[in-house]
Amino acid sequence: MNIGVISDTHGLLRPEALDALHGSERILHAGDIGKPEILAALEKIAPVTAVRGNNDREPWADGIAERERIDCDGVRVLVLHDLKDLDDDDLDCEVIVAGHSHKPSIEMRGGVLYVNPGSAGPRRFSLPVSVARLAVKADRAEAEIIELNVPPPKRRGKK
């Protein structure tokens, strides 16, 4: 199963992100969505499982859970926005997807694969703009970060 992973769009869904997620059989959005149109656009590619981030406070986000547990071809995946919100009951899975930090990372800890796709929305500091791909095959999951080729922000200042 080919799963696209995105987070921290903050209301901006770049065409480069859509291209990178094309071909996904499912998409996971790890919060700070920004507006409901983001989820509607992602749904055109594949079914979406999304969680609410700390900035998703508008009424449209009221029905979005803070964490979701899903089974992807025998691999248990937990999706939440901020790893600081993990508790001991959350560790009964093989993969944890979280955003919030805007820093893309893939790390194996205690037999659990942690995936942070980074931010696909507005660039923050000098961090890359990225998404991730999660490949689930034969009860195993592997992840990769996909850095999006987006132009650097325009510098403001004197001409």
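Predicted model: local features only at pLDDT ≥ 70, side-chain atom pairs only at ≥ 80, totals over all residues.
Good morning. In this protein, residues 24 or more positions apart account for 42% of the contacts with a separation of 6 or more.

Let me turn to the overall architecture. The protein contains two helices and 10 strands. Read from the N terminus, the order of elements is β-α-β-α-β-β-β-β-β-β-β-β. The radius of gyration is 15 Å, close to the 15 Å given by the globule rule for 159 residues, so the protein is as compact as a globular protein of that length. Taken along the principal axes, the box filled by the C-alpha atoms is roughly 55 × 30 × 30 Å.

Next, the interior and the surface. Of the 159 residues, 44% are buried. The accessible surface comes to about 8,800 Å², and carbon and sulfur atoms hold 48% of that area.

Which residues of helix α2 are buried? Helix α2 spans residues 36-43, and its buried residues are I38, L39 and L42. These three cover an arc of only 95° around the axis, which puts them on the same side of α2.

What covers the buried residues of α2? The cover includes strand β1 (2-6), helix α1 (15-21), strand β2 (26-29) and strand β3 (48-50).

Thank you for your attention.

Methods: Residues numbered from 1 in each chain as written. Heavy atoms only, no water. Helix = DSSP H or I, 4+ residues; strand = E, 2+ residues; numbered from the N terminus. Rg over C-alpha atoms; globule rule 2.2 N^0.38 Å. Buried < 20%, exposed > 50% of the residue type's maximum accessible area, 1.4 Å probe, protein only. Contact = heavy atoms within 4.5 Å. Areas by Shrake-Rupley, 256 points an atom, 1.4 Å probe, with all protein chains shown as cover. Arc of directions from axis to C-beta.
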